[in-house]
Every structure is written in structure tokens, then in C-alpha cells.
Amino acid sequence: MILKGKKVVLRPVKISDTKMLHRWINNKKVNRFLTTEIPISLAKEKRKVRQMVKSKISKHFVIKKKDTGEPIGVMSLARIDKKHKRAISGAFIADSKYWGRGYGSDAKMTLLRYAFLKLDLNRVESYVLTNNPRSMAYNKKCGYKCEGLLRQYVLKQGKFYDSILLAVIKKDWLLLAKRQSYL
Ligand SMILES: CC(C)(COP(=O)(O)OP(=O)(O)OC[C@H]1O[C@@H](n2cnc3c(N)ncnc32)[C@H](O)[C@@H]1OP(=O)(O)O)[C@@H](O)C(=O)NCCC(=O)NCCS
């Protein structure tokens, strides 16, 4: 299924994306903001992408620029929990030249519209490392609120990092989405 935003389009991750995703995840400039340890071998990335494609509880999308169709990043809705009507969102834009230009927040608003209106979820969480004010800012633009500091939450390359838990609730998002013309 294709999700259309104002500046981006989200389309499901495919097996043929593996090499591109492998190149993206191993980029140190991006990876410093993520919890995934690198380097990741192509064989491991292949296994990961196969799981992404067949998962029943997570949806993984490639973010494409709407004007040119260029793939610029990945956005996911993971651990979709139908009982509690919640899930976890995550994303990255692979090339830093596209950071801070509104692509991430458009992609996130588009994903949230799908999460709240199509999947009928009530709450979407996001976990952000404390070294990442840009991610905090874009989540807040999309209605997320900080719920707490998770001390030493991530162990990466032998070092613990703190994370912030943010979440957006459907009723708050609906008001924001109307104001931003996403509804
Ligand atoms: C996080 C990410 C997905 C956000 O997407 P984006 O397209 O860059 O975000 P947007 O341009 O939509 O919004 C970014 C907001 O942060 C603000 N911002 C940019 N740099 C900032 C900084 N250093 N400190 C605080 N705010 C900052 C921008 O001003 C913008 O807000 P505004 O539109 O109100 O001015 C993208 O930057 C990215 O992929 N970064 C690297 C990987 C990553 O951090 N992934 C998320 C892991 S939790």
C-alpha cells in the first residue's frame, strides 16, 4: 500500500531495496543517531530485509521524494499491538542534505494518518537518543510529547546511552492534523 504525503510518498520496503538499505544503515553520519550497531554485513542485512517484508506486526516503508521519486529514507511502524492499540515509529533520512527540509515530518504525519485512521491505533511511541535534538523537534512537530528519560537504555559498541520516550495520542493528533491539513 502506498501512503501519499505532501512532499513524500511512502511505499512498502521490497527485497530489491536490500543493497540500498545496506549502504544507508552503514553510513556513520546517520548511524550515530540510531541504536543499530554497525558495520552490518550484506548477509545480515538480507535477513533483516526479509523479516521486514514478511512481518505481520510491523510495516516498513521507503520514503520517496514526491517530485522526483528519489528514495531518501526509511520509516517504520513496529510492534503493532492490536489489543492495546499502540505501536512504535522509527525513521531515518539517509542523506544529510535532505535533513531539516520538512521531509521527515511530512513522512511521519502521513504514517500517523495511516496508523490512527486505517489501523485504528490510539498511541504511537518513539524512542530518541539524547544526542538527537532534530529528531526530538520533528516528533514534537507531529504531536509527540516527552514522557520520560530512559537512563542507560541502549547499549551500543560497549557504551550505554540515555533515550527519551515520546508518544502521540490519537485525540491530540487529530486536532493537529486538521490544523496542518492532513485531514
Ligand atoms: C530525524 C529525521 C528523520 C527528521 O527528519 P527531517 O526531515 O530532518 O525533519 P524536519 O525537517 O521535518 O523537521 C526537523 C525539525 O527539527 C528542527 N531542527 C533541525 N536541526 C535541529 C537541531 N540541531 N536542534 C533542534 N532542532 C533542530 C528543524 O528546525 C525542524 O523544525 P521546524 O520545521 O519547526 O523548523 C532526520 O533528520 C534524520 O533522518 N536524521 C538522522 C537519523 C535520525 O536521527 N533518525 C531518527 C532516530 S530517532
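Author: Before we start, a term: a helix axis here is a line fitted to C-alpha atoms over the stretch in contact, and angles run from 0 to 180 degrees between N-to-C directions. The model is predicted.

Reader: OK. At what angle do H1 and helix H3 pack?

Author: H1 and helix H3, residues 42-54, pack at about 115°, and their axes are 10 Å apart. The crossing of H1 and H3 is right-handed.

Reader: Which residues in H1 and H3 meet?

Author: From H1 there are Thr18, Lys19, Leu21, His22 and Ile25; from H3 there are Leu42, Glu45, Lys46, Lys48 and Val49. This contact divides into 4 nonpolar, 2 polar and 4 charged residues.

Reader: What about Asp17, where does that lie?

Author: Asp17 is in the loop between strand E2 (8-12) and helix H1 (18-25).

Reader: Is Asp17 buried or exposed?

Author: Buried, because its relative accessibility is 4% and the cut-off for buried is under 20%. Setting aside residues up to four places away in sequence, Asp17 touches Arg11, Pro12 and Val62.

Reader: New topic. In the largest nonpolar core, which residues touch the most other members?

Author: Leu10, Ile63, Leu77, Phe92, Leu112 and Val124, out of 51 residues in that core. Helix H4, residues 103-118, gives the most to this core, with 8 residues. In soluble globular proteins, nonpolar side chains tend to be buried together.

Reader: And Val124, what is it in contact with?

Author: Leaving aside neighbours within four places in sequence, the contacts of Val124 include Leu77, Ala87, Ile88, Leu112, Phe116, Tyr144 and Leu166.

Reader: Back to H4. How many of its residues are buried?

Author: In H4, 13 of the 16 residues are buried, so the helix is largely enclosed by the rest of the structure.

Reader: What does H4 reach from its first C-alpha to its last?

Author: H4 reaches 22 Å, close to the 22 Å expected at 1.5 Å a residue. Just after H4, Asp120 takes a positive phi of about 55°.

Reader: What does Arg113 touch?

Author: Not counting residues up to four places away in sequence, Arg113 touches Lys4, Lys118, Trp173 and Tyr182. The C-alpha atoms of Arg113 and Gly5 are separated by 9.7 Å, with the two residues 108 residues apart along the chain.

Technical notes: Residues are numbered from 1 along each chain as its sequence is written. This is a predicted model: local features need pLDDT of at least 70, side-chain atom pairs count only at pLDDT 80 or more; totals for chains, interfaces and linings use all residues. Side-chain values use heavy atoms; hydrogens and water are left out. Helices (H or I, at least four residues) and strands (E, at least two) are DSSP runs, numbered from the N terminus. Buried means under 20% relative accessible area, exposed over 50%, partly exposed in between (1.4 Å probe, protein chains only). Contact means heavy atoms within 4.5 Å. A nonpolar core is a set of buried Ala, Val, Leu, Ile, Met, Phe, Trp, Tyr and Cys residues joined through side-chain atoms within 4.5 Å. The expected span of a helix is 1.5 Å times one less than its number of residues. A crossing is left-handed if the near helix is turned anticlockwise from the far one by less than a right angle, and right-handed if clockwise. Ala, Val, Leu, Ile, Met, Phe, Trp, Tyr, Cys and Pro count as nonpolar, Asp, Glu, Lys and Arg as charged, and the others, Gly among them, as polar.
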